Amino acid sequence: MTRHDSTATPARGPLGRRSLLGILGAAPLAAGGAWTLSETPVAADPARPLKGELDQYLRQLAEKDQFSGTVLVVHGERTVLARNYGMADKAKSIPNTTDTVYCLASVTKLFTAVAIAQLVQQGTVKYDGKLGAYLGGFPSAAADYITVHQLLTHTSGMGDYFTDDYFKAAAGWNSAEQVLNGTLDYIRKAPLIFPPGTGHQYSNSAYTVLGGIVQQVSGQSYYDYIRQHIFGPAGMSNSDFFTKPQWQSDPRIAHPYSRPVPGPRVDIVDQERLFIGRPDGDAFATAPDMVRFAKALLGGSLLEPAYIDLVVGAKFPVATLPAKPGLPAKALYEAYGPMATLRNGKWAVGHNGGSAGVSTLLEWYPSSDWIAVKLSNYDPQDTMVVDDEIQGILTR
């Protein structure tokens with residue numbers, strides 16, 4: 001086990017796959033670009049379980065080599081817990097630190113959803129607008145019936161474009177334009193798995209289509225739009241859509257370590273099959289940048305208050321999960337990008353994500369000013385237990 005609790009000097013900055021169903025509420029504001037983390041301890045009672053049981057829990061997982069990454073929990077303007085374990089690059093003995101850049105997997109969907117909300121706020125997109133009004137090339141069954149609302153809430157009837165045929169086609173793409181446009185062309189040809197609005201299935205395809213809408217309506221590439229209108233205003237100076245060559249070579253970026261069954265963990269960064277991430281996944285960020293994003297979103301730096309409420313409020317009931325020993329039942333709802341979870345009478349809102357060697361979480365809690373980030377370069381089956389532990393503590 002390697003643990004690193006100190007914060008390294010921030011580095012200056014210039015990808016994941018499918019997401020696992022997200023969990024997660026709303027926190028205080030600060031100007032995105034100027035906001036910094038404070039190391040002043042929080043005297044309030046809620047900090048005790050974090051510094052006690054969560055700290056111990058993380059340490060035990062790391063000792064068993066079941067966790068590698070960064071956990072950052074803040075309350076208002078104060079850092080309550082900042083822990084780093086394991087290595088960003090084992091071959092080069094580079095440890096994970098608070099300033100390590102991690103692949104976000106499907107937490108990326110939050111950026112796409114906020115970009116759509118910005119366009120709705122401007123009046124150039126409507127949540128009840130039909131897909132065909134914004135993006136061409138889709139058959140009538142999709143273009144004339146799927147709404148932006150359905151794309152955001154995973155009720156559009158679109159599924160997942162990750163297939164062997166897709167990856168064969170994508171193997172030769174070596175630019176951001178080829179990746180996004182090629183993926184959209186592949187999605188256009190795929191049949192719907194149910195009529196729009198009649199079911200619910202988590203859909204990476206839907207969020208890539210939303211990114212296509214952002215690109216078409218704004219007149220900018222999706223990637224430039226997110227950099228200019230999300231990362232910039234939020235002060236996320238270490239965040240970007242890094243390319244596969246950058247992931248392989250940049251010492252700031254954590255390599256993904258996956259453990260086949262059976263077998264030891266291996267660095268799979270060279271096995272990443274796409275040149276760059278898409279609107280549904282695989283942007284990169286540090287843990288402090290993800291806190292800055294949450295504060296910028298909830299504090300009004302990215303959206304006006306009414307549109308913040310639209311993004312983070314529960315829209316579509318997904319499931320009610322039964323209680324576990326010592327933990328109450330919880331109800332899951334789709335919001336416009338995040339997942340809103342009602343647990344023990346309290347809301348938690350945000351998103352998680354995962355793929356081989358990548359497991360991530362951003363979650364905020366409206367009634368208590370908490371924001372929690374977990375970024376890991378180990379497999380979800382090992383590290384997603386941390387998500388539930390954090391949420392269980394912060395919704396007591």
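1. In this predicted model, helix H2 and helix H10 (residues 287-299) pack at an angle of about 25 degrees, and their axes are 12 Å apart. Angles under 35 degrees count as roughly parallel, and H2 and H10 are therefore roughly parallel to each other. The crossing in which H2 passes H10 is left-handed.

2. The contact of H2 with H10 is made by Leu 110, Phe 111 and Val 114 on the H2 side, which meet Met 290, Phe 293 and Leu 297 of H10. Classified by residue type, this contact has six nonpolar, no polar and no charged residues.

3. H2 also packs against helix H7 (residues 204-218): the two axes come within 10 Å and cross at roughly 40 degrees. H2 and H7 are therefore oblique to each other. Their crossing is left-handed.

4. In the contact of H2 with H7, the H2 residues are Lys 109, Thr 112, Ala 113, Ala 115, Ile 116 and Leu 119. They meet Asn 204, Tyr 207, Leu 210, Gly 211, Ile 213, Val 214 and Val 217 of H7. By class, the residues of this contact are nine nonpolar, three polar and one charged.

5. The largest nonpolar core has 80 residues, and those with the most contacts inside it are Phe 111, Ile 213, Met 290, Phe 293 and Leu 362. Helix H2 (residues 109-122) gives the most to this core, contributing nine residues. As general background, nonpolar side chains in soluble globular proteins tend to be buried together.

6. Tyr 225 belongs to helix H8 (residues 222-234). Its relative accessibility is 2%, so Tyr 225 counts as buried. Leaving aside residues up to four places away in sequence, Tyr 225 touches Ala 115, Gln 118, Leu 119 and Gln 122, together with Val 214, Ser 218, Gln 220 and Ile 230. The C-alpha atoms of Tyr 225 and Gly 211 are separated by 9.8 Å, the two residues being 14 residues apart along the chain.

7. Lys 374 lies in strand E15. Is this lysine buried or exposed? At 0% relative accessibility, Lys 374 counts as buried. With residues up to four places away in sequence not counted, Lys 374 touches Phe 67, Thr 70, Val 71, Ser 359, Thr 360, Leu 361, Thr 383, Met 384, Val 386 and Asp 387. One of these, Thr 70, is 304 residues apart from Lys 374 along the chain, yet the C-alpha atoms of Lys 374 and Thr 70 are separated by 5.8 Å.

8. Asp 65 lies in the loop between helix H1 (47-63) and strand E2 (69-75). With 32% relative accessibility, Asp 65 counts as partly exposed.

9. Asp 369 has phi near 65 degrees, again a positive value in a residue other than glycine. The loop that holds Asp 369 runs between strand E14 (358-365) and strand E15 (370-376). Since its relative accessibility is 33%, Asp 369 counts as partly exposed.

How values were computed
Residues are numbered from 1 along each chain as its sequence is written. This is a predicted model: local features need pLDDT of at least 70, side-chain atom pairs count only at pLDDT 80 or more; totals for chains, interfaces and linings use all residues. Side-chain values use heavy atoms; hydrogens and water are left out. A nonpolar core is a set of buried Ala, Val, Leu, Ile, Met, Phe, Trp, Tyr and Cys residues joined through side-chain atoms within 4.5 Å. Buried means under 20% relative accessible area, exposed over 50%, partly exposed in between (1.4 Å probe, protein chains only). Helices (H or I, at least four residues) and strands (E, at least two) are DSSP runs, numbered from the N terminus. Axes are lines fitted to C-alpha atoms, for helices over the stretch in contact, and angles run from 0 to 180 degrees between N-to-C directions. Angles under 35 degrees count as roughly parallel, over 145 as roughly antiparallel, 65 to 115 as roughly perpendicular and the rest as oblique. A crossing is left-handed if the near helix is turned anticlockwise from the far one by less than a right angle, and right-handed if clockwise. Contact means heavy atoms within 4.5 Å. Ala, Val, Leu, Ile, Met, Phe, Trp, Tyr, Cys and Pro count as nonpolar, Asp, Glu, Lys and Arg as charged, and the others, Gly among them, as polar.
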